[in-house]
Amino acid sequence: MTEPIDATQASTTGDARRIVELAAATNTTMSNQLLLDTLRRNARVTTRHIRTDFLEVATATTVLGYVCRQGKAYVALRGDDPAWAQEIGRYGTESLAVEALRMRRA
């Protein structure tokens, strides 16, 4: 029997602990990648408009990147310095670009 993991909990460390316990109970191997993916999915980000067409995306401790509007597309730029940030994708909405930065592996 598996217990579903509630991704809406406030504590990401609680989710990680539950995954480890679930892996031990079901006799499966626990990988660091699974644990990191769970923590990444639950990462909370903040956004700050630098200009009307330029948005900074950050966690509590790190700047993840920027979202810039170009025509009808929103470009997600990964990196803490806009001059050196790398484009990771173009999206139809600002929220999709922010989500791409939040979920993107470092």
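## Pairing of E3 and E4

In this predicted model, strand E3, spanning residues 63-70, pairs with strand E4, spanning residues 73-78. The pairing is antiparallel and extends over six bridges. Within this pair of strands, cysteine 68 has valine 75 of E4 as its bridge partner.

Strands E3 and E4 belong to an open sheet of five strands, arranged in the order E1-E2-E3-E4-E5 with antiparallel pairing. Strand E1 (46-51) and strand E5 (86-91) form the edges, each pairing on one side only. From one strand to the next, the twist averages 25 degrees.

Helix H3, comprising residues 94-103, packs on this sheet. The helix touches E1, strand E2 (54-58), E3, E4 and E5. The direction of H3 makes an angle of about 155 degrees with that of E3.

## Threonine 59

Threonine 59 lies in the loop between E2 and E3. Is this residue, threonine 59, buried, partly exposed or exposed? The relative accessible area of threonine 59 is 21%, and the residue is therefore classed as partly exposed, given that buried means under 20% and exposed over 50%.

When neighbours within four places in sequence are left aside, threonine 59 is in contact with Arg44, Val45 and Leu64. For one of these residues, arginine 44, the C-alpha to C-alpha distance to threonine 59 is 6.2 Å, while the two residues are 15 residues apart in sequence.

Notes: Residues numbered from 1 in each chain as written. Predicted model: local features only at pLDDT ≥ 70, side-chain atom pairs only at ≥ 80, totals over all residues. Heavy atoms only, no water. Pairing = 2+ DSSP bridges. Helix = DSSP H or I, 4+ residues; strand = E, 2+ residues; numbered from the N terminus. Axes fitted to C-alpha atoms, helices over the stretch in contact; angles between N-to-C directions. Contact = heavy atoms within 4.5 Å. Buried < 20%, exposed > 50% of the residue type's maximum accessible area, 1.4 Å probe, protein only.
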